[in-house]
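Here's a quick tour of ring contacts and one surface patch. Have a look at the structure first.

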Amino acid sequence: MKRNLYARVRLLSIILFITVASGTITAADKLTPERVASLLPELFRMHLCQRDMDPPFMRRLIKEFLNQLDPSRSFFLKPEIEALTALPDEKLSKLTQETLAGNFSHYKSLLKDFLQNQIARDEKLYAQLEQHTEQIKAKAIEELPEKEEFQWMQWPADDAEKKGRLIASLAEVYRVNKSYLTEGEAFKLALQGARDEVQKWKKVGVEDEVTKLFLKSFMLALDPHTEYLDTEDEEEFNERLERSFAGVGVQIRPCPLGAQIEEVIKGGPCDKCGKLSRGD
């Protein structure tokens, strides 16, 4: 676990070093496809294994992009995902050249189609969730089955399965909320949480969002320990990092290379092992 955490911090440090120290992209710059494309060769050069955008890498990138759009498997259907990811090597090679040239039209199309098709398709369902109140409440009092009838990490096969998942997830949130809220408040909060996801996408600006989604997808396609963090993500990461390191007995602070030890807590695990010190 310690090795995984170190790898995560180290790889993130490399990315921060490239983006800040090299001057290619800074916090004050607007992320544009051209700026992002200019950064890609350097990221490949710095990575231990992946050196170029070959077809297998591009397949992973597109899958990660779709995962960024619908991480909870709430909007896409399995046949739609299969159609979007079943691209021949020739198409992927052409897409590679477009991407390296700063042409992000394919990714813009994926995002636009998601907003205009999947999100728009389910907007009415989410707006009328009260019509399913009895279903949701009945599901909430059922005993949890040892094995769900569908695999949550798989894309739903059809609209009926997708709707069933939504009812089940709302029931579970409602069940948890009832432990500390009134029934009315618990139900209202459960529905609002689901609707917020739809409203979030309705407010998205395609031109601004597509580069962030691409970078997140690109980093995850490299390996599961490499990430792109925007301002909100970085704040959340710093909070998680501080909580993670508290258990090993160090206080940290952000620095251009990622994180630096501010103090080793006397008597803690790191102090006892003697392998870390202030400034590391």
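What follows is a short walk through a predicted model, starting with its aromatic pairs.

## Ring pairs

There are 14 aromatic pairs in the structure. Take F44 and F218: their ring centres are 5.3 Å apart and the planes meet at 70 degrees, so this one is edge-to-face, given that anything over 60 degrees gets that label. Since F44 belongs to helix α2 (residues 33–46) and F218 to helix α10 (residues 206–222), the pair ties together parts that are 174 residues apart in sequence. Both F44 and F218 are buried.

F75 and F114 make another edge-to-face pair, with centres 6.1 Å apart and planes at 80 degrees. This pair links distant parts of the chain, 39 residues apart: F75 is in the loop between α3 (55–69) and α4 (78–85), while F114 is in helix α6 (residues 105–127). F75 counts as buried at 1% relative accessibility, and F114 does too, at 0%.

## A ring cluster

Back to F44 and F218: ring pairs join them with F57, F65, F104, Y107 and F214 into a cluster.

## Charges over rings

R73 puts its charged end over the ring of W155, 4.0 Å from the centre. K137 lies over the face of F187, and here the distance to the ring centre is 5.2 Å.

## Out on the surface

V176, Y180 and L189 make a nonpolar surface patch of about 310 Å². Y180 sits in the loop between α8 (159–177) and α9 (183–202). Is Y180 buried or exposed? With a relative accessible area of 54%, Y180 is exposed, because the cut-off for that is over 50%.

Conventions. Residues are numbered from 1 along each chain as its sequence is written. This is a predicted model: local features need pLDDT of at least 70, side-chain atom pairs count only at pLDDT 80 or more; totals for chains, interfaces and linings use all residues. Side-chain values use heavy atoms; hydrogens and water are left out. Patches are made of residues with over 30% relative accessible area and no salt bridge: like charges are joined within 9 Å, nonpolar side chains (Val, Leu, Ile, Met, Phe, Trp, Tyr) within 5 Å. Accessible areas come from the Shrake-Rupley method with a 1.4 Å probe; for residues, only the protein chains shown count as cover. A salt bridge is a side-chain nitrogen of Lys or Arg within 4 Å of a carboxyl oxygen of Asp or Glu. Helices (H or I, at least four residues) and strands (E, at least two) are DSSP runs, numbered from the N terminus. Buried means under 20% relative accessible area, exposed over 50%, partly exposed in between (1.4 Å probe, protein chains only). Rings of Phe, Tyr and Trp (its six-membered ring) pair if their centres lie within 6.5 Å; planes under 30 degrees apart count as stacked, over 60 as edge-to-face and the rest as tilted. A charge sits over a ring if NZ of Lys or CZ of Arg is within 6 Å of the ring centre and within 35 degrees of the ring normal.
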